[in-house]
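Dear colleague,

Please find the structure below, handed over for your records and further use.

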Amino acid sequence: MASLPGMNDLTSALGQALGLVAGGDAALGHIVLLSLRVSLTAVGLAALVGLPLGALLAVARFPGRGGVVVALNALMGLPPVVAGLLIYILLSRSGPLGSLGLLFTPTAMVIAQALLIAPILAALTRQVLEAMWEEYAEQLRSFGAGPWRAVPTLLWDGRFALLTVLLAGFGRASAEVGAVMIVGGNIEGFTRVMTTAIALETSKGDLPLALALGLVLMAIVLTVNALAQGLRDLAARQAG
Amino acid sequence: MLRRLLLLALLALPLPLAAQERSITVASTTSTEQSGLFGHILPIFTRETGIAVRVVALGTGQALDVGRRGDADVVFVHDRVAEQRFVAEGHGGPRQHVMLNDFVLVGPADDPAGIAGSRDTAAALQRIAAARAPFISRGDRSGTHAAELRLWQQAGVDPTAGRGAWYREIGQGMGPTLNTAAAQGAYAMTDRGTWLAFRNRQGLRVVVEGDARLFNQYGVMLVNPQRHSHVKQADGQRFIDWIVSPAGQAAIASYRINGEQLFFPNATQPEPVS
Amino acid sequence: MRAPEAILPLRAEGLRFSAGGVGVLQGIDLAIEAGRPTLVIGPNGAGKSVLLRLLHGLLAPTSGRVAWDGPAPDPRRHQAMVFQRPVLLRRSVLANLRYPLALAGLDRAEQDARAAEALALVGLAPLADRPARRLSGGEQQRLALARAAALRPEVLFLDEPCASLDPAATRAVEETLQALAARGTKLVMTTHDLGQARRLAGDIAFLHRGRLLEHAPAARFFASPATAEAAAFLRGELVW
């Protein structure tokens, strides 16, 4: 393996990752829990806005709808750093929402991530539900249900597909580093999450530790996905 | 069942993300954070006072900006000129010396500029420029970047003439700068603390050290509570008083990596506002 | 003597409908009275489905109008429609039955009573808790029928309800339709199955190329069609 120096880093990273998890490191535990809470809260917040908005776009026809859809699709590519800067300027003590004192707190990170993923949730929700609406539209109108009544119906009937949408949002939120670094400040024990910890260890040149943290992050995301998938399958078997 | 679980998840979301605690926010530099100094001294302060210290580690320029915007209570950085301007503009202060550390020049093992072992920074930089040997600059308005630019000036060299060729400004922190230098076999200037804690050296080693011009002064100041009423004046001042006190100074002196002392306490009385 | 909430008779006056510049219906005048089922027949592309959708209000005519001449103030509340491909919500059989009843503003007890009655009508009571979309094709159409019947509509529109069903399932649906007709529900139904038309129809509306060529009592229509097109259609010749 001497000819492949990178291999040593990889095996060392894997070993460290296992050691970190097995060792039950308290600091790592805090970072992991904070990552989960921030990203899951952000997904929940973004879902409150993004899902109904996406569903409404799927059923409603109004002038300018095409523009909204294009804008949403474009916002899916909003660079995290830009979202972070926007929230930074808003939440800074010198900014319009400065009196809330939220900059460099987990709440600020939640807001930034929610801003990042709400357009993703809305755009994907629209895509998923538009196909369903095509099938449902006549029947629901025959029942006398207008677009407003159709929104909750589609959201409920699309719940299994929408779970995948939520997971996509969670994936993006938990993998994101640029925005949470700016608005959270990567404060040890307070706003440090998996991704900012990885960025920190990378800049300290401890590549194996950074990679080990990355492996732990991937394992967490994988676990969340597996749990959600299992839940989905269970519920799908019950409800069809 | 799914509905009940969703409801449960929704209910759990608004729970506070962290317990409320007595704390101050300190805008500081990557060198103090990444060298491990804060990890060593802050628990001592917190134990003595019950005040948690939240450190946002940035370049000195950014850290001063955070202070200007009122987003921190205390600024703890290392660019004396910029700090004095910060104080003169009324953003905070008074400024107090806290400690020194030193910079070193690091470079690749094959040393294309032939400067290894030198103690004369100016001469070393002249030879790097003459050899057009690659040099990675922070390029991020940090204290280290400012110090580097002053050293070039003292050497009578304008490195920006080599911009895009051998003089490479990456606009990032100390760690990424060292990572880049290691990957490209380039020279770079770094604070000793980050260097000692840095793990991805590959072929890099120290080539120039010990020049008096390489010493680097850290200063601390309270963000002006008259401008930003939410600044935690009492607790912030408590931190400043502690770090320049014998206890704080001893804590700084006791931090070592591989037995090597990184920071040399030299606290002074508050500087008069000029 | 009509019940005070009656919506019939139904009158179509000069109904025209074009889509994308193509005239689908070329001016239909048709009166539908209470009583035995009205069957709309004719070759493929004659405009049968479009006519049904115009009468039910799912489509707006390009010109002409649909008038409900009965005294009931809100005709929409007294009609329902079953489609060729049943559109079932991604929920249980019972939830599918409840959905339009809830929309109609019935309380939970009334919903459950009507749902149970409708399930018994189509013989699906044992499947009440099953996911609706896991039912067989025939069961799905029977559920769609039960769902419409639970609304107790005065007029029930059916667009080729048996076109995708095998003979056994067709027979089950027809039995339900007979039962509904017997208890006074007015059926307005399209079919391309002449045998089905003979079995069910009280009167026949024969559509050809977007025009209503005949509207006559079923016995008279089948015995002596008034137009050459209808005669050819009844002989099983290709007409268009």
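**Findings: interfaces, domains and helix packing**

Between chains A and C, the contact takes 13 residues from chain A and 17 residues from chain C. On the chain A side, the elements giving two or more residues are α5 (106-142) and α6 (147-157) of chain A. The largest share of this side comes from α5(A), with six residues. By class, the side of chain A that touches chain C has four nonpolar, four polar and five charged residues. Please bear in mind that this is a predicted model.

Chain A also meets chain B: 23 residues of chain A are in contact with 28 residues of chain B. On the side of chain B, two or more residues each are given by α1 (2-12), β2 (52-58) and α8 (174-184) of chain B. That side has 15 nonpolar, nine polar and four charged residues.

In chain A, UniProt places "domain: ABC transmembrane type-1" at residues 32-228. Over residues 32-228, chain A is 79% helix and 0% strand, and the end C-alpha atoms are 18 Å apart. In chain C, UniProt places "domain: ABC transporter" at residues 10-234. Residues 10-234 of chain C are 38% helix and 26% strand, with end C-alpha atoms 27 Å apart.

Chain B is divided into domain 1 (22-100 + 217-265) and domain 2 (102-214). The centres of these two domains of chain B, taken over C-alpha atoms, are separated by 26 Å. In the contact between them, domain 1 of chain B contributes 20 residues and domain 2 of chain B contributes 16 residues. On the domain 1 side, α2 (30-34) and α4 (60-68) of chain B are the elements that give two or more residues. Of these, α2(B) gives the most, with three residues. The domain 1 side divides into seven nonpolar, eleven polar and two charged residues.

One helix pair in chain B may also interest you. Helix α6 (residues 121-131) of chain B packs against helix α7 (residues 143-155) of chain B at an angle of about 85 degrees, with the axes 8 Å apart. Angles of 65 to 115 degrees count as roughly perpendicular, and α6(B) and α7(B) are therefore roughly perpendicular to each other. From α6(B), the contact is made by B:Thr121, B:Ala122, B:Leu125 and B:Gln126, and from α7(B) by B:Leu151, B:Trp152, B:Gln154 and B:Ala155. By class, this contact has five nonpolar, three polar and no charged residues.

With kind regards

Note on methods. Residues numbered from 1 in each chain as written. Chains lettered and ligands numbered in written order. Predicted model: local features only at pLDDT ≥ 70, side-chain atom pairs only at ≥ 80, totals over all residues. Contact = placed C-beta atoms within 7 Å. Helix = DSSP H or I, 4+ residues; strand = E, 2+ residues; numbered from the N terminus. Nonpolar A, V, L, I, M, F, W, Y, C, P; charged D, E, K, R; others polar. UniProt positions renumbered as here; feature names shortened; annotations may be inferred. Axes fitted to C-alpha atoms, helices over the stretch in contact; angles between N-to-C directions. Parallel < 35°, antiparallel > 145°, perpendicular 65-115°, else oblique. Domains from an automatic or database assignment.
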